[in-house]
Amino acid sequence: MRVLGIDPGLRNLGWGVIDVDGARLTHVANGICHSQDGDLAQRLLSLHTQLTEVLRAFAPDAAAVEHTFVNKDAVATLKLGQARGIALLVPAQAGLTVGEYAPNAVKKTVVGVGHAAKVQVDHMVRIHLPGVQISGPDAADALAVAICHAHHLQSAGRFEAALKRAVG
C-alpha cells in the first residue's frame, strides 16, 4: 500500500509518500509545495496544482492530513484552514479516503511522546525510513503523518481480522 502524508501550510505544504508492506515502511518521495506570491486565491490554486501533480506522479492508495492547531492570530488560522482544505480536497478528488490526525497523535505514534519537538520527529522519521533525504521540516512532518496513518491502517486491519476470526 502506498500512503501520502500531508502537512498543510499556506506558504509551505509538506508532503511525503511511503510504501507499506506489513510492518515494513519504505520511503518513496517527499517534498514541499511552495505557494506563489499573489492573492490568496492564486496561492491556493498554486498549492492545488502542485499537490495534484504529486498525486498523479506517485498514485497513493491512502492519504492523511494533519489537523491544524488554532493559534492566537485568527486571520492566520483561517488562512491555514483554507490551505488545509486544499490538502483534503486534492486526495478526495483522486477518490481517496483521507485520514486526519492531531499533531500530538502523530508525534505519539512516531516518537512515542505527544509533545515531541520537531527535531525529535525528524530524527524518528529517519529511523523509520533509513537513508531518507528529507526536503525540509514540513516534508519531515508530512512523512510522520504518513507513518502515523500506516500504523493506524495496520491496527484497523488487525482488528478486522481478529473480529472475523471471533465471529467465525
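**Close-up views of a predicted model**

**View 1. Gln154 and the residues it touches.** Leaving aside residues up to four places away in sequence, Gln154 touches Val20, Gly22 and Ala23. The model shown here is predicted. Gln154 is found in helix H5, which covers residues 137-167. Is Gln154 buried or exposed? Gln154 has a relative accessible area of 17%. Buried means under 20%, so Gln154 counts as buried.

**View 2**

**View 3. Strand E2 beside strand E3.** Strand E2 spans residues 12-21. How do E2 and E3 pair? They pair in the antiparallel sense, over ten bridges. Look for Ile18: it stands opposite His27 in E3.

**View 4. Strand E4 beside strand E5.** Strand E4 holds residues 62-66. Four bridges join E4 to E5, and the two strands run parallel. Ala63 stands opposite Val98 in E5.

**View 5. The sheet as a whole.** Strands of a sheet pair through backbone hydrogen bonds, either parallel or antiparallel. Here five strands form an open sheet with mixed pairing. Their order is E3-E2-E1-E4-E5. Which strands are at the edges? They are E3 (24-34) and E5 (98-101), and each pairs on one side only. On average, neighbouring strands of this sheet are turned by 20° against each other, direction ignored.

Technical notes. Residues numbered from 1 in each chain as written. Predicted model: local features only at pLDDT ≥ 70, side-chain atom pairs only at ≥ 80, totals over all residues. Heavy atoms only, no water. Pairing = 2+ DSSP bridges. Axes fitted to C-alpha atoms, helices over the stretch in contact; angles between N-to-C directions. Buried < 20%, exposed > 50% of the residue type's maximum accessible area, 1.4 Å probe, protein only. Contact = heavy atoms within 4.5 Å.
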